[in-house]
Amino acid sequence: MLLPAEIESKTLIPALRAILAKKLAEDHNIREDEISKMLGVTQAAISNYIRGTRGDPSLIAKLLAEKQVAIMIDELSDNLSSDMAYTPSSLSKFIGLCNYIKSSLLICEIHHNLESNIDEQVCKECENMLLKGPGSVY
């Protein structure tokens, strides 16, 4: 069984980086090498994100279809493009976006798409922990 942190690192963060890379390139006319510095990945990774060969296209579409997620992505994109750097503010916005996706249980849908045979009791316990928020303990 995948942990929420594994889902976040393996699927969610790459999808969010793909969305941001594309927005920064297309909406803000920022070069790939500059975007790579902002997002802390290689220029080749940014190229793959923009071309759509990295980051799950169905997950990207799902995330962009969620109104609050789309708003948060736009704010983060605007923040990154105005500062032209990854700042404490943009880091906070990125973490807030990931936390929103977890606390709104969107991550559960992502998980069910990755693993179809999740024990319902385990699923409910994980859901309870996600609803309590980051740093919660049992």
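Arg 31 and Glu 34 form a salt bridge, their closest N and O atoms lying 3.7 Å apart, where a salt bridge is a side-chain nitrogen of Lys or Arg within 4 Å of a carboxyl oxygen of Asp or Glu. Glu 34 is partly exposed at 24% relative accessibility; buried means under 20% relative accessible area, exposed over 50%, and partly exposed in between, with a 1.4 Å probe and protein chains only. The model is predicted, so that local features need pLDDT of at least 70 and side-chain atom pairs count only at pLDDT 80 or more, whereas totals for chains, interfaces and linings use all residues. Residues are numbered from 1 along each chain as its sequence is written, and side-chain values use heavy atoms, with hydrogens and water left out.

By this rule the count comes to seven salt bridges. One of them joins Lys 102 to Glu 8, with 3.3 Å between the closest N and O atoms. Because Lys 102 lies in helix α6 (residues 88-103) and Glu 8 in helix α1 (residues 4-26), the pair ties together parts that are 94 residues apart in sequence; helices are DSSP runs of H or I with at least four residues, numbered from the N terminus.

Glu 109 and Lys 62 also meet through their side chains in a salt bridge, at 2.7 Å from N to O. This pair links distant parts of the chain, with Glu 109 in helix α7 (residues 106-114) and Lys 62 in helix α4 (residues 57-65), 47 residues apart.

| Residue | Relative accessible area | Class |
|---|---|---|
| Lys 102 | 17% | buried |
| Glu 8 | 13% | buried |
| Glu 109 | 36% | partly exposed |
| Lys 62 | 27% | partly exposed |

Methods:
Helix = DSSP H or I, 4+ residues; strand = E, 2+ residues; numbered from the N terminus.
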